[in-house]
Amino acid sequence: MKPILKIKKLLFIKDYYLLSSILFFSVCSMFMDIFSIGILVPLFANLDKNIAFENEFLNNILDFFSFEIFSDIKYLSIIIISIFVAKNIVYLTGRYLEAKFCYTFFTRLSKNFFSFYLFKNYSFHINNNSAKLIRDITFESNVLSYNFMQPLISSLAECISLIVILTFLFLLNPIATVSILGFLIFIALTFNLISKKYLNKLGKQRQLHSGLALKELQQSFSNLREIIIYKAQNFFVEKYDLHNSTNANTGFKSKFIYSIPRSILEISVISAIIFLIFIMLSAKTSFTEIVLTLSIYVLSASRMMPAITKIFANITTFMYTQKALNVVNDDFLNFYRKNNVSKTKKFEFSKISLKNLSFKYPTSKNKIVNNINLDLKNNDKIGILGPSGSGKSTLINIMSGLIHDYKGRILINNKKIKNKNGLLNLNLGYVPQNSLTIDESIEENIRLGRPKIKRQMYNKILKTVELQKLNKRFSYNSNKSIGERGAKISGGQNQRVGIARALYNQPSVLILDEALNAIDTKTKNKILSNIFKLYSNKLIIIISHSKDDLKNCNKIFSINNGKVARIKY
Ligand SMILES: Nc1ncnc2c1ncn2[C@@H]1O[C@H](COP(=O)(O)OP(=O)(O)OP(=O)(O)O)[C@@H](O)[C@H]1O
Ligand SMILES: [Mg+2]
């Protein structure tokens, strides 16, 4: 999709209102600019009462200002100051709206990226490094808002200013103005031609290396203990520095490139003005008229120069940041415009059947789940055994609706499920092997944003997993958090928080994937017996390397090389 089409799709009606008002203020500020330049004519006429302009356009301006009030220098001074004040108020309002537009655009884009990626299925996340996603949510959204949209808006505003000033100058001196315009277009085209490819390459490098730098930061902070023990700090620092400096290097080069046109322009403007003085001197123009014409040109140039420099800088920035638009794909745009997150209604079930279930990861050679057939009733207690790497967690991930691209069928109450969301359509409690923690209180870790349940029920859950004391220590009210990745609690406590989180759902299916292996045998047995009592009429699936954990199960299966065999009837 073309960049301009993508940008159009990122904008909503209210954005267009805001954009129109920004442009409106720019036009107003521009006309006031022209007026403030034009008012110099009566000012000069007041200074030299005997003036008679050769230039017809100057005489016309003088006629325009031929009111009594403009011939009194006191009034004229007040008018000039007032015009400049008003002009700047209008200008600042335009800039305020522009900043507001970019801020709104950024927050919306960033929020949508975050939500888009969070709602993606698990398979997507297996195949995409989170650093790249974080880069899109933070850096790329920022770049698109402040280094792409903002220059685009200000370029539009500056173009309008240029057109107005050039029209004014054209009326004053058509030949000189057309030459200026031709010269500007020539510089713009040459500059564009020379730098386009290079800036595009820099933009690509920026995007790649900013993501990789972020990846190094993330990997290192999440593996701190091993890094300290194996003294791997420098390994990570060097890798980070490599990507960060390459990224910064692209920024430095692009910044330098966009300073070049400014210097070329400045030299050209000065040369043009000196050239103009010679022409006017040779034409024997009066001194006042020379000074006035020069003042108008210098003032116009001083207004045009920043505008032109800005447009040139913006062209550079566009070329440098255009790659950021690549992250805005059709899929994202669809989500962005509709924001439709479908909610499935949970329902009760009596039987779950897996029919010829097979699956292989895109990068794995053999089938990880190999033609599995299973029937599970709503009050079964299922135990699953099997060597490490045999496919137990993969099977559970398919059943839980985390992996979608499997072959075969999952039936609930003998009906094929419509979406591939597996047991997510039911009330599911799932404790993965490495349970998640957030840097919040125990209660918030258990709730994970779900609606509050009755206190009595919550306390019952705490009791089931023996977490009452810990809940008090890191309580919600005292606002004590358990540390990043649960650094302030033990591994076993962390696992118990994970189980409590699953129980909070009051699940009809509870899956525990090696969820208690960090807990001492006595506590583990107590928790398991509590769970079996509390969920005696629910489906429980326990994966464990310890047969002892499965002693209360009515069916036990073993998984080997993705194939399932029943070992207890
Ligand atoms: N994203 C992936 N891409 C490719 N292969 C994968 C991926 N995830 C897991 N595997 C492979 O699939 C196989 C089964 O993994 P799985 O996690 O299901 O094993 P498991 O039976 O749960 O083992 P454990 O008892 O150690 O937890 C392993 O060989 C593993 O290397
Ligand atoms: Mg596993």
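This is a predicted model: local features need pLDDT of at least 70, side-chain atom pairs count only at pLDDT 80 or more; totals for chains, interfaces and linings use all residues.
Residues are numbered from 1 along each chain as its sequence is written, and chains are lettered from A and ligands numbered from 1 in the order in which they are written.

Q: Why are α8 and α9 called roughly antiparallel?
A: Helix α8 (residues 130-172) and helix α9 (residues 174-221) pack at an angle of about 170°, their axes 11 Å apart. Because angles over 145 degrees count as roughly antiparallel (under 35 as roughly parallel, 65 to 115 as roughly perpendicular, the rest as oblique), α8 is roughly antiparallel to α9. Helices here are DSSP runs of H or I with at least four residues, strands are runs of E with at least two, and both are numbered from the N terminus. Axes are lines fitted to C-alpha atoms, for helices over the stretch in contact, and angles run from 0 to 180 degrees between N-to-C directions.

Q: What makes up the contact of α8 with α9, by class?
A: The contact has nine nonpolar, five polar and three charged residues. Ala, Val, Leu, Ile, Met, Phe, Trp, Tyr, Cys and Pro count as nonpolar, Asp, Glu, Lys and Arg as charged, and the others, Gly among them, as polar. Residues in contact have C-beta atoms, placed from the backbone, within 7 Å; among those of α8 are Phe 139 and Leu 166, and among those of α9 are Leu 181 and Gly 211.

Q: How do you know how α2 and α6 are oriented to each other?
A: The axes of helix α2 (residues 13-38) and helix α6 (residues 73-118) come within 9 Å and cross at roughly 160°. The two helices are therefore roughly antiparallel to each other. Their crossing is left-handed, a term for a near helix turned anticlockwise from the far one by less than a right angle (clockwise is right-handed). Their contact includes Phe 25 and Met 32 of α2 with Val 90 and Leu 97 of α6, and by class it has 14 nonpolar, six polar and three charged residues.

Q: What is the handedness of the crossing of α16 and α18?
A: This crossing is right-handed. The axes of α16 (residues 455-464) and α18 (residues 491-504) come within 9 Å and cross at roughly 145°. Ile 461, Leu 462 and Thr 464 in α16 meet Ala 500, Leu 503 and Tyr 504 in α18, which gives five nonpolar, one polar and no charged residues.

Q: What makes β2 and β5 edge strands?
A: The open sheet of four strands has the order β2-β1-β4-β5, with antiparallel pairing. β2 (369-377) and β5 (415-416) each have a single partner strand, so one side of each is left without a neighbour in the sheet.

Q: How do you know that β1 pairs with β4?
A: Pairing requires at least two bridges found by DSSP, and β1 (residues 351-359) and β4 (residues 407-412) have five, in the antiparallel sense. Leu 354 has Ile 410 as its bridge partner in β4. Helix α14 packs on the sheet, touching β1, β2 and β4, and its direction makes about 60° with that of β2.

Q: Which residues come nearest to ligand 1?
A: Tyr 361, Ser 388, Lys 392, Ser 393 and Thr 394 come nearest, out of the 14 residues around ligand 1. A residue is near a molecule or strand if its C-beta atom, placed from the backbone, lies within 6 Å of it. Helix α14 (residues 392-399) gives the largest share of the shell, three residues.

Technical notes. Two residues are in contact if their C-beta atoms, placed from the backbone, lie within 7 Å.
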